[in-house]
Amino acid sequence: MSSSSTSNACKLLLLGRCLRAVLLSVAIQFLLLTVFLLSVNFTLLHPLQWVTGTLRLVASWYTWFASIPLVVSVVLYGVSLCQQHLSERPYCPTRYRWLLHYGPRKLLFLGAHILVGLLTAWLYTGYLHMDYQHLRYQCSAEECVSAYHVYLLGMGIAAGCYYFVSVHMRHEISIEFPVVEQSRAEKLRELLYASLPRSLVRSLMPTLSYTLAFWLFGPLICRKLSYILSVDVDQRLEGFFGVAINLRLLFYGYLLTAQILSNMHLMRCFYGILLSEDLPLVVTKQRAAFAHEQEITMVAGLGVFNVYVVQCLAAHYFYKLALRKGSTQRAEIFQLTEPGNRPANWRSLCDQCLSILGSFTEDLTESMQKISVLKGAQSLPIPKISETVSTSLMAEKLLLRQYNQTHGIRPILLPKPEEAANRPAADGVRHVPNWCERVSTQLEQGLQRLIQRIPGIVYLFNEPEGSKTTFLLANSLPVVYMTQALAQICVASLKEDPYGVVQNDLPAIIKAINKLRNELEKLSSVIGNLKAPSSSFKVLRCAVRRSLYAICNSFCDYLGDILPPGEELRQLQDLVCQD
């Protein structure tokens with residue numbers, strides 16, 4: 001199966017899960033509506049009538065027809081979520097490129113949030129008192145614009161915008177794999193129990209902020225609406241005390257905000273729960289004539305680079321497979337193929353993992369060279385270490401030279417004559433530029449300075465420092481799982497590899513993981529100055545160190561035979577002794 005067919009097959013599987021998440025999102029609307037009506041129509045003296053009346057109202061024909069617009073908006077919201085999960089995530093070096101690629105998608109997603117919030121508020125207001133139900137109401141024998149209705153509709157829009165800004169605007173959507181394995185029913189039950197209480201706390205600040213904004217701009221909006229509809233102005237919410245002392249309106253707005261935030265959180269978590277379930281991957285594809293052509297191997301799933309979720313699922317499946325002691329699927333990795341007696345399963349898996357690790361390390365190294373602090377440290381000449389000079393003294397000199405170059409401190413002593421003599425001459429002839437070259441150089445530099453002074457040019461078209469490193473760390477979850485799984489397979493090969501298929505690749509695996517560890521150690525000194533998520537960096541760093549330690553600890557007695565003598569062998573031996 002080719003990479004494109006594997007990608008399409010995985011997308012088809014995930015699309016079915018997204019459809020099930022949409023159905024769950026539609027069903028949860030009626031549950032949230034029931035909770036809202038139970039809260040609004042609470043009656044302590046007649047509890048049975050309170051519950052039966054609420055259920056009868058939810059099951060009425062009015063509710064089913066009035067909820068159609070909200071259901072349509074929820075489906076559109078689910079389509080947007082599905083597109084966020086299954087779309088490609090390329091790196092955009094500048095903010096302008098980011099706006100071109102992610103801007104339309106973010107605007108569509110923002111529109112889905114606004115639509116869900118607005119229609120939720122519109123549906124819920126239909127079950128309140130007469131003053132809240134419609135945009136127009138009868139006041140003193142004339143029609144007026146209901147300020148209560150405008151307040152609640154604006155609350156729904158503000159709640160949708162707040163959730164988008166706080167969760168989705170600056171961050172790409174991602175899935176989280178649980179630490180403890182649970183069934184789908186247990187996950188959904190825990191999610192429902194924790195969502196509503198959490199949303200009650202989160203909705204307090206948005207409600208107060210929107211109420212303050214409505215006190216300032218609400219009368220102006222009501223006047224504009226009354227002018228458009230040719231009706232009178234509602235003056236019940238004029239002034240600060242008109243809004244602050246209306247406790248029933250504030251309670252409705254607070255409860256509506258909690259419902260909308262809980263609704264959007266539940267829909268996002270439904271997708272996370274369903275998409276984080278294991279894909280039906282196999283280690284060895286069946287060669288029988290009746291075998292299904294849609295079988296997806298684990299190696300093929302790791303090679304789907306254009307769908308981030310698929311690669312995460314394949315890496316997580318590999319990690320779980322590597323932890324299963326004595327499983328038949330893990331034993332298939334060490335088996336020889338028939339005919340030929342070749343380790344095809346291990347060969348393809350090892351090559352794929354080393355390719356991903358190598359490309360990730362190269363991209364990380366290249367991105368770190370654009371960081372000013374690390375770039376200055378890497379450009380320093382490494383002094384020649386003699387036998388009479390101790391290692392600690394040379395380390396102090398190197399740190400002092402890095403500090404001087406970082407802070408612009410020039411050396412007092414000039415370079416030695418032999419060092420200047422060792423520098424190769426360009427061509428022996430001193431080139432003096434003519435007046436044309438000088439004028440063109442000055443014009444080019446002046447034009448660059450002029451363009452950079454235009455507001456927004458540097459912000460939009462310059463690559464922020466460390467942005468590529470931040471992007472790599474934020475999308476390093478497949479590397480985290482794959483590195484640990486590869487280490488567990490190497491450790492298990494001591495007892496479960498009867499043919500020794502893993503032993504020949506141990507030097508390459510150790511060098512690849514150790515190279516990534518060295519780059520992460522360099523990055524640890526400047527990670528606080530970047531906008532990269534510190535949690536992603538810590539998880540990746542700990543996973544790489546844990547993997548390298550597991551391999552070196554298991555093969556501690558054979559490290560001298562696996563690796564050639566040198567600095568790398570000494571580092572790995574010190575790692576085992578240190579931990």
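Reader: Which backbone oxygen does the side chain of Thr483 reach?

Author: A polar contact is a pair of N or O atoms within 3.5 Å; within protein, one must be able to donate a hydrogen and the other to accept it, and residues adjacent in sequence count only if both atoms are side-chain atoms. Here the side chain of Thr483 reaches the backbone oxygen of Val479 at 2.6 Å. This is a predicted model, in which local features need pLDDT of at least 70 and side-chain atom pairs count only at pLDDT 80 or more, while totals for chains, interfaces and linings use all residues. Residues are numbered from 1 along each chain as its sequence is written, and side-chain values use heavy atoms, with hydrogens and water left out.

Reader: Where is Thr483 found?

Author: Helices are DSSP runs of H or I with at least four residues, strands are runs of E with at least two, and both are numbered from the N terminus. Thr483 lies in helix H22 (residues 477-496). The protein has 26 helices and four strands.

Reader: Is Thr483 buried or exposed?

Author: Buried means under 20% relative accessible area, exposed over 50%, and partly exposed in between (1.4 Å probe, protein chains only). Thr483 has a relative accessible area of 1%, so Thr483 is buried. Of the 579 residues of the protein, 41% count as buried.

Reader: What is Thr483 in contact with, leaving aside its neighbours within four places in sequence?

Author: Contact means heavy atoms within 4.5 Å. On that basis Thr483 is in contact with Leu357, Ile513, Val544 and Ser547.

Reader: Which residues have the most contacts inside the largest nonpolar core?

Author: In soluble globular proteins, nonpolar side chains tend to be buried together. A nonpolar core is a set of buried Ala, Val, Leu, Ile, Met, Phe, Trp, Tyr and Cys residues joined through side-chain atoms within 4.5 Å. The largest one has 141 residues, and those with the most contacts inside it are Tyr77, Phe318, Trp346, Leu523 and Ile551. Helix H11 (residues 247-275) gives the largest share of this core, 15 residues. Not counting residues up to four places away in sequence, Phe318 touches several residues, among them Met482, Ala485, Leu486 and Ile489.
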